[in-house]
Structure formats: structure tokens, C-alpha cells
Amino acid sequence: MAQSIYPVLMTDKLQESSLFYKTYLGFAQNFSSDWYINLSHPDGGELALIDVTHESIPALYRANANGILVNLEVANATQMYDFIKSKDERIIVAHLADEVWGWRHFIIKDPNNVLIDIIEVLPPSAEFLNNDSSGVL
């Protein structure tokens, strides 16, 4: 049985990436070495960073994280958007928007171009609910 599960992002920008997650998203550092950093969020969740060149990664797979979208649910996406915009608007790749399926969200990019979708869950629109055939909502 798994005791925990969390993403470990391979990066050639270990310290810069750690600073990004601490500065913009409120993560705290639990452990740090010259090749691995473990971060946790005070509201829950964990994320780690590893130097892409570290010998523990099979040589064939030593590449920066790519094609990853990390969802981060928050209580107030507008407040988070304003905070990040005031710090560095250049990291925002999709601006704050409300979606019919029940999200207020925006997307930022970390130093490795990993995307973080910052999401506030809202009630879905009536139109979306009427067209949903999954039976889940």
C-alpha cells in the first residue's frame, strides 16, 4: 500500500525552481541537498525537484520535465492571480477566466516551463450541467 505519492520534477534549474515554488505558491522546504529538494505546502501536498543529471536517474531518461500540467486548487483564484501578477506577470501564460464546467483559473509556468493551473472550483453552469452526459455531476 502506498504511503505517499507526489511528483518529482527533473530540472537543470534546481535552486531557481525551488525558489519559484516557495515564492509564488507558498511551498516550504522539507529537505535539501545539492541534487534533491523536497517541498510541501502548508495546506497539503508535496512536490520534489531533482537535478536532471543525477546518477539515480537512468541515463536514457535524464531530461528536463516537459509536457506536464500540475493542478493546484485554491480557495480564491482571483486573490492568487492578483498576488502572482504583482510579483511577475511574465510567468502567467493564461489569464484568469471562468469556465462553464465550474472553474475559475489561470495558468503560470515555472522556470522549466512546467505549467501550473491554479484552480478555484465553482458551480458549473446550468448549460454545462444540461449537456453533461457522464452522470458524474
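**Figure legends: views of a predicted protein chain**

**View 1. Confidence along the chain.** In this predicted model, the mean confidence of the protein chain is lowest in helix H3 (residues 126-131), at 84, and highest in strand S3 (residues 36-40), at 98. These values are pLDDT, the predictor's confidence in each residue, from 0 to 100; the chain averages 93, and 96% of the residues score at least 70. Local features need pLDDT of at least 70 and side-chain atom pairs count only at pLDDT 80 or more, whereas totals for chains, interfaces and linings use all residues. Residues are numbered from 1 along each chain as its sequence is written, and side-chain values use heavy atoms, with hydrogens and water left out.

**View 2. Order of the helices and strands.** The protein chain has three helices and eight strands, taken as DSSP runs (helices: H or I, at least four residues; strands: E, at least two) and numbered from the N terminus. Along the sequence they follow the pattern β-α-β-β-β-β-α-β-β-β-α.

**View 3. The largest nonpolar core.** This core, a set of buried Ala, Val, Leu, Ile, Met, Phe, Trp, Tyr and Cys residues joined through side-chain atoms within 4.5 Å, has 25 residues; buried means under 20% relative accessible area (1.4 Å probe, protein chains only). Among the elements that give two or more residues to the core are helix H1 (14-25), helix H2 (77-88) and strand S8 (115-121), and H1 supplies the largest share, five residues.

**View 4. The surroundings of Tyr21.** Tyr21 is one of the residues with the most contacts inside the core. Leaving aside neighbours within four places in sequence, Tyr21 is in contact (heavy atoms within 4.5 Å) with residues including Leu9, Phe27, Leu39, Asp110 and Ile116.

Note on methods
Buried < 20%, exposed > 50% of the residue type's maximum accessible area, 1.4 Å probe, protein only.
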